[in-house]
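Keep the coordinates open as you read.

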Amino acid sequence: MERIKKKMKPLAGNLITLAIVCVLFAVVFILVETGHATRHMRAMLVPICINIILAVSLNLTVGFLGELTLGHAGFMSVGAYAGCLFSIAMKDILPMAARFPLAMLVGGLVAALFGVLIGIPVLRLHGDYLAIVTLAFGEIIRSVIINLEFTGGAAGLKGTPQDSTFVIAFAVVLITLLVIMNLVNSRHGRAITAIRDNRIAAEASGINVTYFRMLAFVIAAFFAGVAGVLYGHNLSILSASTFDYNKSIELLVIVVLGGMGSIRGSVISAIIITVLPEALRELADFRMLIYALVLIVMMLLNASPRFAALKGKLHYGALVDAIRNKANKEGKAHE
Amino acid sequence: MNKMVPLPSKAIVPERDADKLPILDVRHLGIDFGGLTAVDDFNFTMGRTEIGGLIGPNGAGKTTVFNLLTNVYRPTRGSILLDGVDTLGMSTYQVNKLGIARTFQNIRLFSNMTVLDNVKVGLHNNTKSNLFASVTHGFGYHKAERQAKERALELLSVFHMQDLANAQAGSLPYGAQRRLEIVRALATEPGIMLLDEPAAGMNPSETAELMENIRKIRDTFQIAIMLIEHDMSLVMGICEGIAVLNYGKIIAKGTPDEIKSNPAVIEAYLGKKGA
Amino acid sequence: MMDLIANLISGLSLGSIYALIALGYTMVYGIAKMLNFAHGDIIMVGAFAVITTVSMLGFPPALAIAASVVCCVVLGVCVERIAYKPLRKSPPLAVLITAIGVSYFLQSLALLIFGSTQHSFPKVISVPTLELGSLTIRGDMLVTLAVTTAIMVGMSLFIAKSRTGKAMRAVSEDRDAAELMGISVNRTITITFAIGSALAAVAGVFYGTTYGFIGPYTGSMPGIKAFVAAVFGGIGSMPGAMLGGILLGVIENLAKRYISTELSDAIVFAVLIIVLMVKPTGLLGKRVTEKV
């Protein structure tokens, strides 16, 4: 008979994640303020935060809902443009302290709206079809934005105030983490995970599958939009071509590498994937190749029983049992 | 003793339920898949606290009936009245909210979630916390979660499973998984519960325990239970009314004694010249 | 009028290329129950194989095409064995992610080897232009139409009459029963991938000839469009894939000519979305009810 697995209480896991994130922030903040951070390091801080937000929100659909969406970059771009256009329009009307949070809200809400519009047709599908259609929508969004006048067309959007700072980005990361962690460990989160684990049983248990799929999709889109606004206010020119298929794949790699359904994994993996290309500049040409291999290898490892056994040994429950067994043995030895 | 009382649709319900609206009233239910008629002219009524059985050879259409009752399939003909309400056109989750829950022939648990969470999913519609509360973990969230946890443990204790609360559902032994499915279905507070082969893979002592538990559930929660089963000791032991299905049609309906001696039933199971 | 006919003919030619690719998609989907995201990129590999063998090794056209087919078949079989076979029991999401990984891998490998510039595709089909009155038809289009029609007819006969074809149909209907009947499921799936890859190689030759230039990302758009075609015709149905491919080519060409070139891609996607909304099983597909 297989050993019955115990799971770690989610609250403890989430507190650990938050603790890690806060400690990292504190360390980096001190390094920056005391002048020990190089220009390279400082330039990476906001992108790291942006990728964390993107990865955690994508994990909501891929890891927790269990559906592969390949258009996440599309929501990011919609939010970016909405937020940046708002900021440009309000540049002389509102002070930055009011304007930037509002811009992020605008970007997030517009992205969420697109999430609803796209979700209505898309979420009737599953698996392969859903993936391709989200890919299609991502491409359509990109083509349309490039062909529009008011978005600056192919040349890009200029004139966005450079409001993104590390502190603000970090604050948004915290909010994102709190919202998504709370959501996942709630009645609504259980419904979403139930749909992933067994859609038919979820439906039979009274869960409105369509509503919850839409919920996960739209919330993920919202945060992608907010991340887009942060991104747009960190560059002098916003160009739609950055939000392409490659970007969506990069986000997928981050989520897969960190573990689907693991928020802490997404955070760590986002940091690694943002920092590594800088650290391994010589391997820049091989980056795409490495991403591809990561995807393939991670999936093959997940399917291999030997790897599962190894993961099982490192599992929280197994560690607790191992410690307990050792304590028992020592206790017995003393008798 | 359970005396059966005839009803307008030529159904039978236990006398104690006779003056109440049947929880389930199915008339002339039928479904065609392309050219194949899987179920035809299915008439069945369940009293509010009746334990009923649906038996028949493999492939007779029993699970199809369950799928029709839970609106997984849309019927081609006929009607289903659940607690007096016509369920045509409703989706499965709506029908569950109305009061019908089920288990599955091939166990369908949320294998990556804990036992407790599986039951909490069943409590989904009876947990009072809206989206805002879920996202902020405030505004009544903790109280609702506490209540849900208490209720879930209460339900698990019916099957003495409360100690397994934090185990991963997918790693439970087979019998425990089956029991968990029943607890989850119970958690949705149904008026009638459909159990699809609940005794599959169980030895005689486990089956006897299951019989006890089914009776206990009916008595404690005052709900109706409908079984699909192949284990005749279970069916004859606890069912009050039985319908026998063959090739999608009901070939006999009655009490266990009537069914046992019905020649059409014997022929269906054992072929002509059987018994 | 002549304009329209010329447009229709080039649409048929493009459509038959899509049909070839869609055929490979649908065969693999029917038998291995997976969408080979990397299928489109095999076209690119085949086309580059022709470019390499002709331009750098000086192969004559026929040999180059043969080499390309061999190369693609080997690639397809290796991908199946290494990346897809271990995941046969895994959830579909895992297979999909792996397929995306393989596709990305092929694209980035091509990018590394050949760079991001477009390479010109050598002239391997030298059939003169046909002139019917005021109508000019490119020679290679005629060849494309003729060859793809022959292949489609051949494939239909193969699937219907040959032992391997019967095995393929059996595995796609019920894998376990087929295994119990003594059919080697592994071998059948491998053969399916091999055939699909060979078709992709041929499609690559025609695609390169029609458009003249090949780059690392050349395969992905036709791949996606062929997927649309396969869904349009009914995923899992071979006649459906052929029909869907041809229709899609005609629609795309008409859209390019009479609506707008930039929007023609969007229109193709719109077709996909509409089909999936209105008739998810496609034109010739069967409704599959999920077993509860």
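Helices (H or I, at least four residues) and strands (E, at least two) are DSSP runs, numbered from the N terminus. With that in hand, chain A has 14 helices and two strands. This is a predicted model, where local features need pLDDT of at least 70, side-chain atom pairs count only at pLDDT 80 or more, and totals for chains, interfaces and linings use all residues. Residues are numbered from 1 along each chain as its sequence is written, while chains are lettered from A and ligands numbered from 1 in the order in which they are written.

Start with the overall form of chain A. Its radius of gyration is taken over C-alpha atoms, and the globule rule is 2.2 Å times the number of residues to the power 0.38. For chain A the radius is 21 Å, close to the 20 Å that the rule gives for 335 residues, so chain A is as compact as a globular protein of that length. Along the principal axes, the C-alpha atoms of chain A fill a box of roughly 80 × 55 × 40 Å. A residue is buried if 20 or more other C-beta atoms lie within 10 Å of its own, exposed if 12 or fewer, and partly exposed in between, with C-beta atoms placed from the backbone. By that count, 50% of the 335 residues of chain A are buried. Two residues are in contact if their C-beta atoms, placed from the backbone, lie within 7 Å. In chain A, of the contacts with a separation of 6 or more, 82% are between residues 24 or more positions apart.

Buried residues make up 52% of the 292 residues in chain C. Among its contacts between residues at least 6 apart in sequence, 76% join residues at least 24 apart.

One residue of chain C gives a sense of scale. Tyr258(C) lies in helix H10 (residues 238–258) of chain C. Is Tyr258(C) buried or exposed? Tyr258(C) is exposed, because 10 other C-beta atoms lie within 10 Å. Tyr258(C) and Gly101(C) are 157 residues apart in sequence and 37 Å apart in space, C-alpha to C-alpha.

Now the contacts between chains. Between chain C and chain A, 30 residues of chain C touch 29 residues of chain A. On the chain C side, helix H4 (92–114), helix H9 (220–233) and helix H11 (261–278) each give two or more residues. H4(C) has the largest share, 15 residues. For residue classes, Ala, Val, Leu, Ile, Met, Phe, Trp, Tyr, Cys and Pro count as nonpolar, Asp, Glu, Lys and Arg as charged, and the others, Gly among them, as polar. The chain C side divides into 25 nonpolar, four polar and one charged.

Chain A also meets chain B. That contact takes 28 residues from chain A and 36 residues from chain B. Helix H6 (166–184), helix H7 (187–197) and helix H8 (199–204) of chain A each supply at least two residues. H7(A) gives the most, with seven residues. The chain A side has twelve nonpolar, eight polar and eight charged residues.

Chain B is split into domains, with bounds that come from an automatic or database domain assignment. Domain 1 is 1–99 + 190–275, and domain 2 is 110–189. Their C-alpha centres lie 27 Å apart. The contact between them takes 13 residues from domain 1 and eleven residues from domain 2. On the domain 1 side, helix H2 (92–98), strand E9 (192–196) and helix H7 (204–221) of chain B give two or more residues. H7(B) has the largest share, five residues.

Finish at strand E10 (residues 224–228) of chain B. Five of its five residues are buried, so E10(B) is largely enclosed by the rest of the structure. In a regular strand the side chains alternate between the two faces of the sheet. Ala224(B), Met226(B) and Ile228(B) point one way from E10(B), and Ile225(B) and Leu227(B) the other way. Two strands pair if DSSP finds at least two bridges between them. Strand E5 (residues 51–55) of chain B runs parallel to E10(B), joined by four bridges. Five bridges join E9(B) to E10(B), also parallel. Here Leu195(B) stands opposite Leu227(B).
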